[in-house]
Amino acid sequence: MSHLSVSGVLRSVVGTVVTLLFGVVIAAIGVVFVVAEFPDGVRDLRAYEAAQRCPAAPSGPAECRWTQEFTVSGVHLTNKRGDFDRVVLTGADGKTWEARYTSRAPVVDSLDKGDRVTGTIWRGRLTEIAADGESQRTYDAPADLRARSLVLALITIPSGLLMAAVCLWRLARRVADPTPGMAAALGLSIALFFAGLFAPVLTAGSDKERFWPVAAVWLPIAAVMTVVACVYASRKRTAEAEPEPDAAAPAS
């Protein structure tokens with residue numbers, strides 16, 4: 001954790017204050033998102049699943065679901081982090097639709113240019129495609145935002161609160177140098193933040209967002225990091241408490 005230069009940050013009042021503000025901001029983002037999204041986070045998903053089939057092609061965004069045939073006019077797969085796999089579809093009227101996906105199974109990875117698929121349109125958005133008996137929802141399909149908000153909270157709130165607490169602890173002891181415990185705790189807060197970003201990547205591969213698989217990955221990582229931080233702080237305190245060896249006596 002010393003490689004993170006956390007002790008250097010804590011020795012600077014400005015650095016400590018900036019880090020404190022950063023911790024407060026990221027924790028607040030998680031809290032605000034949960035408060036805003038969790039209560040009604042499943043409303044659109046339930047409306048979509050309960051929507052009836054449209055009796056005729058809608059002229060604009062509609063609450064009913066309309067299905068039609070499309071021809072695949074382009075498939076763009078990427079391994080770039082933060083980017084989406086994309087499929088371009090063309091309808092019989094010549095209108096093109098571009099659908100984004102967070103995973104390739106079970107439909108996207110089997111598509112080639114010229115293939116025929118059945119697309120579902122809801123509220124003016126292409127929400128689902130089906131081919132060969134398999135169906136896959138697009139990125140624009142309604143999702144359970146409760147899971148998304150809890151994942152964001154897991155990423156931001158524990159690390160943000162710990163970061164803010166360490167900085168307040170440090171500011172309350174401005175005269176003394178930062179303790180090994182302070183440095184270890186601040187390093188842990190940073191590590192927890194990146195572990196939170198990393199955990200959803202390990203559980204990717206589904207078109208449905210779920211909180212518990214992400215938590216099942218994050219919790220063991222967080223536990224190991226906490227043990228490492230405690231061991232680091234303990235060894236550092238022991239090393240600082242040991243008296244320096246006496247200088248060799250001069251030869252007579």
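**Figure 1. Phe70 and its aromatic partner Trp97 in the predicted model.** Phe70 is buried, as its relative accessibility is 0%. Trp97 likewise counts as buried, at 15% relative accessibility. The two rings form an edge-to-face pair, with 6.3 Å from centre to centre and 75° between the planes. Phe70 belongs to strand β1 and Trp97 to strand β3 (residues 96-101), so the pair ties together parts of the chain that lie 27 residues apart in sequence.

**Figure 2. The aromatic cluster of Phe22, Phe193 and Phe194.** Six aromatic pairs are counted in the structure. One of them joins Phe22 and Phe193 edge-to-face, with a centre-to-centre distance of 6.4 Å and an angle of 75° between the planes. Because Phe22 lies in helix α2 and Phe193 in helix α5 (residues 180-202), this pair ties together parts that are 171 residues apart in sequence. Phe22 is partly exposed, with 42% relative accessibility, whereas Phe193 is buried, with a relative accessible area of 18%.

**Figure 3. The disulfide between Cys54 and Cys64.** The structure holds one disulfide. Its sulfur atoms, in Cys54 and Cys64, are 2.0 Å apart. The link is right-handed, with 100° about the S-S bond. Both Cys54 and Cys64 are placed in the loop between α3 (43-50) and β1 (66-76), 10 residues apart. Cys54 is buried at a relative accessible area of 3%, while Cys64 is partly exposed at 23%.

**Figure 4. The cysteines Cys167 and Cys230.** For the sulfur of Cys167, the closest cysteine sulfur is that of Cys230, at 18 Å, which is too far for a bond. Conversely, the cysteine sulfur closest to that of Cys230 is in Cys167. A disulfide requires sulfur atoms within 2.5 Å, so the separation of 18 Å rules out a bond here. Cys167 counts as buried, with 0% relative accessibility.

**Figure 5. A nonpolar surface patch formed by Val13, Val17 and Leu21.** Together, Val13, Val17 and Leu21 present about 230 Å² of accessible area. Val13 lies in helix α2, which spans residues 13-37. With a relative accessibility of 44%, Val13 counts as partly exposed.

Notes:
Residues numbered from 1 in each chain as written. Predicted model: local features only at pLDDT ≥ 70, side-chain atom pairs only at ≥ 80, totals over all residues. Heavy atoms only, no water. Patch = residues over 30% accessible without salt bridge, like charges linked within 9 Å, V, L, I, M, F, W, Y side chains within 5 Å. Areas by Shrake-Rupley, 256 points an atom, 1.4 Å probe, with all protein chains shown as cover. Salt bridge = Lys/Arg side-chain N within 4 Å of Asp/Glu carboxyl O. Helix = DSSP H or I, 4+ residues; strand = E, 2+ residues; numbered from the N terminus. Buried < 20%, exposed > 50% of the residue type's maximum accessible area, 1.4 Å probe, protein only. Phe/Tyr/Trp six-rings, centres within 6.5 Å; stacked < 30°, edge-to-face > 60°.
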